[in-house]
Amino acid sequence: LHPKDRISPVQEQQMTSVLDPNVHNIAVDGATFDDCQEMVKVCFGDLKYKDRHSLAAVNSINWARILAQTTYYFVSYLAVLKEHGLEAEKDATKLPRVNVSVPTGNFGDILAAYYAKRMGLPLGDLLIATNANDILHRFLETGVYAKPQSPTPNPSDAVRITHSPAMDILVSSNFERVLWHFAFDEFGGDATRASEAISGWMVALKTVGRFEVPEGVLRRAREVFRSQRVSNEETIDAIRRWYGTTGYVLDPHTAVGIVAVERENMLLPGLGFSSDKTVQVVLATASPGKFPDAVFEAIPQGLKYEDFAPEPLVRQTGLPKRMVTVTMVNGDRDRATADVRRVLDATLAGVATSRL
């Protein structure tokens, strides 16, 4: 399931050129990532429907995805120790502080960093690097979690299209998971009160588009997370600069993480990308081969697609595609969800469908 024309052409080619009979792709025209994710949640919320079709998620709705992502941070930390010749060091005071910058949209990757830290991995700051869709950055500044206003009657138009489309998200679905922990601590370890608070905040988000947390919850969030918002222009500039100085081609999401660290270091004088006591790790969260338009805008000369794209992406160019398209009209998510369910029913019944 994907929002039509809200992902890169390479990503669409990846998903829709798998023609195996047990793989089916649904494109939702007029929808955003938020719309598609909410459609999936509605289907999962109908337990009879979910059980009838044995539905399961492979994105971060599924806790197993978050658990698997915690390994990124253990591997990164151990790589830092190896690079500094500290694999056998037992004195914790001699180990570097490792801060992590994570390009963040749905809050899955950085939630995994939070859990890795709670498991005992001695990470430093967890830096939320976001694009113009900055609900998390605004929350850490104000304590208010609020959807932006749409310029049109269609709520989906509030999403700003950027060079980092995987982060073009209004509501970070996994954020409520970490908020529960902060609420749990705020309410003295009372799980019931924490759960009731989260439920109330989520209802407010759906009904009025915003909620505000107590000062104690915000303080706890700020103790763990920092944040930076990065523009399209800064993203392109980072890709250009880093290629010019290192020869490394950043994808636009990773470029957001890089700019966030660069800006943090300006706010915290004396911190370089690496020093004896501090190491900055940036998660490279995608291949630049998935986003050639941004790469070529930043580096208009001297590069061919095959110079920075993995061979499988190069080979898939021009392959036949197959998908069913559902249209969401005027932001009517309920109707589009019903159409998606009809496609699922028909597909699993073996009935050919092409467009609804």
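Select residues 175–186 to bring up helix α7, whose twelve residues reach 16 Å from the first C-alpha to the last, close to the 16 Å expected at 1.5 Å a residue; the expected span is 1.5 Å times one less than the number of residues, and helices are DSSP runs of H or I with at least four residues, strands runs of E with at least two, both numbered from the N terminus. This is a predicted model, in which local features need pLDDT of at least 70, side-chain atom pairs count only at pLDDT 80 or more, and totals for chains, interfaces and linings use all residues. Residues are numbered from 1 along each chain as its sequence is written, and side-chain values use heavy atoms, with hydrogens and water left out.

Within α7, colour F175, V178, L179, H181, F182 and A183, which are the buried residues of the helix, buried meaning under 20% relative accessible area with a 1.4 Å probe and protein chains only. An α-helix has 3.6 residues a turn, so residues three or four places apart point the same way. Then step past the helix to G188, which follows α7 and has a positive phi, near 65°.

Next, select M119, which lies in the loop between α5 (108–118) and β4 (123–130).

Finally, zoom out to the whole protein, which has 15 helices and nine strands, and whose C-alpha atoms fill a box of roughly 65 × 60 × 40 Å along the principal axes. Of its 356 residues, 48% count as buried.

Technical notes:
Buried means under 20% relative accessible area, exposed over 50%, partly exposed in between (1.4 Å probe, protein chains only).
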